[in-house]
Amino acid sequence: MRRKLLPTPLTERVRAVLFNRRVVFGIPFLWLLLFFLLPFALVLKISLTSAVMAIPPYEPVFRWLDNTLSVVVNIGNYLFLLSDSLYFAAYWGSVKTAFLATVVCLLIGYPMAYAMARAPKHWQLVLLLMVMLPSWTSFLIRVYAWMGILGNQGLLNSFLMWLGLIDQPLKMLNTNFAVVLGIVYAYLPFMVLPIYTNLVKLDVRLLEAASDLGCRSLTTFWAITLPLSKAGILAGSMLVFIPAVGEFVIPELLGGPDTLMIGKVLWEEFFNNRDWPVASALAIVMLLLLLVPIVLFHRFQAREMEKHG
Amino acid sequence: MVKSRSFSFSKVMLVLGLLFLYLPMFVLIVYSFNASRLVSVWAGFSTQWYGELFRDEQILSAVWMSLRIAFYSASMAVCLGTLCAFVITRFKKMRGRTLLSSMITAPLVMPEVITGLSLLLLFVQMAQTIGWPVDRGMATIWIAHTTFCSAYVAVVVSARLQEVDRSIEEAAMDLGCTPLKTFFVITLPVIAPALVSGWLLAFTLSLDDLVIASFVSGPGATTLPMVVFSSVRMGVSPKINALATLIILAVSLIAFIAWFLMRRAERRRLQTPDA
């Protein structure tokens, strides 16, 4: 009798599930293997070749000579990066700028997220949309907006001169200040969002217990709220810091000649000098530099995506 | 009870933060109606820059190109991202699952110059080895955008999948539904809102990308951000202000509709007593 209730035998159903699982897993796996992981292997490979005037402009690593496979590895590009202080300065400049911008983002973003999480329920959705909305418009255009504001004849300088605070325009555009400001402006929503998601899940009873036991609100914040929102702070900081290190558009549009950032240097090596091997070596070193933050972020993200609500 | 004071530091910061986010965009909108070319001079209201924008063949064809790429990329990214989200939230013991979840989350933070460079090198190598792609253009941008947009879709969809009540799916399968049918009849309608928001997110991400597209594009395909970038590099341009205004208006309109629909769904859920 029981067998009739099941339209298909159990073994067949199990096989169907397995088959489906393999397909469900296989398609994205192969796609990412081909278009995400393999490209990195190629970057590594090409960083070990030397540049030549050809199409494509690098020498092959593996070559068949007299029926033997010869492997030509050239670490010259990495030595070149070490020998020229420009590259070191660019890495250092990127890390410094990105770090500064991340700290400023956190200082502005945390209170914003805190106020959002404490706002009445029906306000939260509106506030959330308001914070997210700028990031859905064009990134390029939001960076460009600051060109008109910070320029020598820009809005801010005109305003300050009209107020009588300054006699001649301050140089704000094409400075490192403008780059940090641009990164903070462009990435602020990415800091607010994870912190808000974290704070909104915070158990309010803990805060009530603390206040019942005589904790003052500031002490409660330091002792309970802040430690419990560590995961959100970490995720937000990584979402700002890692892309900011490799940022190209912001230093290009808002930075000046003394702004050295690695994303811009890589772009110029690639597009202007057409030196693909050196650009690849720059990318590999940048990746190594960002390995720890990326792993940290990945561990957080994997936890977020796997746990059951 | 934890009291929330009416004037707290965090509320002031929220208001200031939102002002900081919106003022520059507001300035762009105002100056798109400025008759003068200069930012500092207000020469009266004018819509001439909009007229010039709509006569600019290069910008119009770039808009069309970008919209097509964004449409195809978002659609493909929703398929791939949803599959990834399924593997990550459901197949706990699958071999290779950790590798997949690393590969899908990495593009979220990967600097664009690295992604762009690595994909270009792949396409060059592919052209050498298998003879495709002969010309880089729409297809290569589509592949690149699909890859990084899938990551965002996977995050959005997996958040929704975690909330799905598994017992309904199990009931359907016990009653003889195949897993495939269960997916289409039970799971898909439940996660549909996440698929829509994932698609929209992927669409805006693809429309917005400059760096990756610049690396993997060829001479034939120029997207809107590429045109905007080359014009903006020269300095402030009123035509770009007009374009910016239109983009901001379009996004605001869609966000407003989304907010309205979400609010209505929320109210309906509150009204049904057994929900």
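1. The crossing of α6(B) and α8(B) is right-handed (the near helix is turned clockwise from the far one by less than a right angle). Helices here are DSSP runs of H or I, at least four residues, numbered from the N terminus. This is a predicted model, in which local features need pLDDT of at least 70, side-chain atom pairs count only at pLDDT 80 or more, and totals for chains, interfaces and linings use all residues. Residues are numbered from 1 along each chain as its sequence is written, while chains are lettered from A and ligands numbered from 1 in the order in which they are written.

2. The axes of α6(B) and α8(B), residues 179-208, come within 9 Å and cross at roughly 155°. Axes are lines fitted to C-alpha atoms over the stretch in contact, with angles from 0 to 180 degrees between N-to-C directions. The two helices are therefore roughly antiparallel (over 145 degrees).

3. B:Pro133 lies in the loop between α5 (112-129) and α6 (138-163) of chain B. The peptide bond from B:Trp132 to B:Pro133 is cis, with omega near -5°. Most peptide bonds are trans.

4. A:Asn174 sits in the loop between α7 (155-163) and α8 (176-200) of chain A. Its phi is near 60°, a positive value in a residue other than glycine. A:Asn174 counts as buried because it has 20 C-beta neighbours inside 10 Å (the cut-off is 20 or more other C-beta atoms, placed from the backbone).

5. A:Arg274 also has a positive phi, near 55°. A:Arg274 is in the loop between α13 (262-272) and α14 (276-289) of chain A. With 12 C-beta neighbours inside 10 Å, A:Arg274 counts as exposed (12 or fewer).

Notes: Parallel < 35°, antiparallel > 145°, perpendicular 65-115°, else oblique.
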